[in-house]
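I opened this model to see how its parts are arranged. My notes follow the order in which I looked things up.

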Amino acid sequence: MLISGFIKNSLIDFPGKISSVIFTQGCNLRCKFCHNYELIPRGLQEEDVFLEVEVLQYLERSRRLIDALVITGGEPCLQPDLVQFIRKVKDMGLKVKLDTNGTDPGKLEYLLEQNLVDYVAMDVKAPLDLMAYRKLVGDQFSRNAMARVKASIELIKNSEIPYEFRTTLIRECHPQEHIRTICNQLKGARKYTLQQFAPEKVLDQSFALYSGYDCSDLEELKSQDADLIEEIHII
């Protein structure tokens, strides 16, 4: 596992659980609003690496104090040894939350079938349309990738574990009709999180001029779409 970030204790990353959080290195998207863009390249300098054995040793020592491990990125599903790593964590009796962009439904399906994840949070960048996605994640995003994202959404919706979909809302990129479209496309989902955009640190510097929605606007959007999603959450 390429691990380039490690938070030992968190009260906010796994709902209702005390967790540790690891950040994996490497991402197959190039989200222009990304605030963790240092995690995009696959390569790592030795001084930037948290050794897997060190993380596992901490989890073993702390398993009476924490409930879970959150695996985020980057895109964790790019890690070839993700499954083996999660098995080691589960063998300690800890729960696992996976954050993903949904571009690897095959690995996601295996993790769900093997009961290796206890919570999944999947980013939905834009309405499920190729051009809408490309405007935010880069022109390398393909029709096949769009199909994989849609497949992951269905896998998650049909799973029995807790989950959430989430969108970082940028006023200049997500007009209200787009948000309504996403809610319709996620219709029947148990939880959808509206995440406020912060322009202070972004991959594409033109996005530093963009803005997020006010909380009052998000509350209004939430009320409009309450009939489509069981729970709409604002952060």
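The entries below go from the whole chain down to single residues.

**Ground rules.** I am working with a predicted model, in which local features need pLDDT of at least 70, side-chain atom pairs count only at pLDDT 80 or more, and totals for chains, interfaces and linings use all residues. Residues are numbered from 1 along each chain as its sequence is written, and side-chain values use heavy atoms, with hydrogens and water left out.

**Overall.** I counted seven helices and eight strands in the protein. Both are DSSP runs numbered from the N terminus: helices are H or I with at least four residues, strands are E with at least two. I then checked the radius of gyration, taken over C-alpha atoms, against the globule rule, 2.2 Å times the number of residues to the power 0.38. The protein has 17 Å, close to the 18 Å that the rule gives for 235 residues, so it is as compact as a globular protein of that length. The C-alpha trace spans about 50 × 35 × 35 Å along its principal axes. Buried residues make up 51% of the 235. Here buried means under 20% relative accessible area, exposed over 50%, and partly exposed in between, with a 1.4 Å probe and protein chains only.

**Sheet.** I traced an open sheet of eight strands with mixed pairing, in the order β1-β2-β3-β4-β5-β6-β7-β8. Two strands pair if DSSP finds at least two bridges between them. At the edges stand β1 (3–10) and β8 (231–234), each with a single partner strand, so one side of each has no neighbour in the sheet. I looked at one pair in detail. Strands β3 (residues 68–72) and β4 (residues 95–100) run parallel and are joined by four bridges. Opposite V70 I found K97 in β4.

**Core.** Which residues have the most contacts inside the largest nonpolar core? They are L59 and F165, in a core of 71 residues. Such a core is a set of buried Ala, Val, Leu, Ile, Met, Phe, Trp, Tyr and Cys residues joined through side-chain atoms within 4.5 Å. Another core, of five residues, lies apart from it and includes F14, V21, A68 and Y119. I also listed the contacts of F165, contact meaning heavy atoms within 4.5 Å. In α3 (residues 105–113) I found P105, K107, L108, L111 and L112 buried. They cover an arc of only 160° around the axis, which puts them on the same side of α3. The arc is that of the directions from the helix axis to the C-beta atoms. The buried residues of α3 pack against α2 (82–91), β4, β5 (119–123) and α5 (143–157). Just after α3, N115 takes a positive phi of about 55°.

**Helix α6.** The buried residues of α6 (residues 176–185) are I179, I182 and C183. Seen down the axis, they fall within an arc of 100°, so they line one face of α6. They pack against β6, β7 and α7.

**Q176.** Leaving aside neighbours within four places in sequence, Q176 is in contact with Y213, L221 and Q224. I also took the distance from Q176 to R30: their C-alpha atoms are separated by 24 Å.
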